[in-house]
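Biologist: I would like to go through this structure with you. Please keep it brisk.

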Amino acid sequence: MRIDNLDTPAVVIDLDRLETNIARFQAYLDRHGIANRPHIKTHKIPQIAQMQIAAGAVGITCQKLGEAEVMADAGIDDIFIPYNIIGAAKLERLTALARRVRLSVAADSAAVVAGLGNAMAGTGLELTVLVECDTGMGRCGVQTPAEAVELALLITRTSGLRFGGLMTYPSSPEIGPFMHEAVRLLRNRGIAVERVSGGGTAGMWRAHEHPEITEYRAGMYIYGDRYTLRAGAMQLEECALTIITTVVSRPTPDRGVIDGGSKTFSSDLLGLEGYGLILEYPEARIVSLSEEHGVVDFSRCSQRPVVGERVSVIPNHCCMVSNLFDEIVGIRRGNVEVVWRVAARGMVR
Ligand SMILES: Cc1ncc(COP(=O)(O)O)c(C=O)c1O
């Protein structure tokens, strides 16, 4: 089937670009001796995770247990969940998963560590736990290197757990002093820091500037999107994911409406102007979305589309798009080569 025959809206992946993006970042990390542990929340597709591993990734990162379970079912056996796992229901699933794969998780408090320890008690398992450090994002994470040491000591004292190192997100230049000091303090206490896990597509080409970092978790680098373009981490001709839409209305000379809205693109703006970049009409702006309509202002365009015309959109945030579609189509030179089920979509638990 040709790309022109796909019904819209359709999410398509340029396979040549996808493969190049996977290979290029792997080569960069290899060059700098940093392990690659890509974040699969961007694609949620086991086959793409397997491509990343085949290219040299040591394992994968999943944000949620549900994603990790899907990936384990597909045979992926080394999974990091950099997320505080809380509550009996999840801890039970975590224990079951730890029996199946090499599993590591993150924790940022004694409460989380206690839950993990209780879950492992009597199982004969040893769960690897990294301490999450808040190096500037203001989300989860211990607040100081001294707190990181304290939590690491608690992990080493908790049976069923082993201290696996430190993690942070995103890897901006500011992480340096925090991670450097935390590693120094831990080593002074005789605690080995086997992994320091950084992440983020925006800072991916600067991973090597942090000598502490031993592994890197990037997600969006495989697809690219407007956010990644603005961050300067990728170029337009490297973006692999586009959404093909159809112009369904031209109610005024300036206005057009495409058949994708917030249920196609998500409402993420991420500080950008408009909800996507229309490749055929780069001066157009997707100014508003309702669930199934995208309203486009074509006033800055010298050429304008007619009803029925198909236009391709680079979304603001590719990870959100993955989570909204059951299937994603892989194309090569205009031909449909594969249709992937987004097996871990909706896995928020
Ligand atoms: C903990 C963690 N690690 C890695 C990533 C991957 O970063 P990016 O999406 O910028 O590639 C994310 C993204 O949200 C994250 O939350």
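This is a predicted model: local features need pLDDT of at least 70, side-chain atom pairs count only at pLDDT 80 or more; totals for chains, interfaces and linings use all residues.

Biologist: How far apart are the end C-alpha atoms of helix 1?

Modeller: Helices are DSSP runs of H or I with at least four residues, and strands are runs of E with at least two, numbered from the N terminus. Helix 1 holds 17 residues, 15-31. The expected span is 1.5 Å times one less than the number of residues. That gives 24 Å, and the end C-alpha atoms agree, being apart by 24 Å.

Biologist: Which residue caps the N-terminal end of helix 1?

Modeller: Look for a polar contact, a pair of N or O atoms within 3.5 Å; within protein, one must be able to donate a hydrogen and the other to accept it, and residues adjacent in sequence count only if both atoms are side-chain atoms. The backbone nitrogen of Asp16 lies 3.0 Å from a side-chain oxygen. That oxygen belongs to the capping residue, Asp14.

Biologist: What share of the ligand's accessible area does the protein cover?

Modeller: Lys41 places a polar side-chain atom 2.6 Å from a ligand oxygen, and Arg217 places one 3.1 Å from a ligand nitrogen. Accessible areas come from the Shrake-Rupley method with a 1.4 Å probe; for residues, only the protein chains shown count as cover. On its own the ligand has 390 Å², and the protein covers 94%.

Biologist: Which residue forms a salt bridge with Lys44?

Modeller: A salt bridge puts a side-chain nitrogen of Lys or Arg within 4 Å of a carboxyl oxygen of Asp or Glu. Here the closest N and O atoms are 2.8 Å apart. Lys44 sits in the loop between strand 2 and helix 2 and its partner in helix 3, so the pair ties together parts 23 residues apart in sequence. The partner is Glu67.

Biologist: Is Glu67 buried or exposed?

Modeller: Buried means under 20% relative accessible area, exposed over 50%, and partly exposed in between (1.4 Å probe, protein chains only). Glu67 has 3% relative accessibility, so Glu67 counts as buried.

Biologist: How many salt bridges does the count come to?

Modeller: One joins Arg102 and Asp78 at 3.2 Å, N to O. Another joins Glu209 and Arg206 at 2.9 Å. By this rule the count comes to 23.

Conventions. Residues are numbered from 1 along each chain as its sequence is written. Side-chain values use heavy atoms; hydrogens and water are left out.
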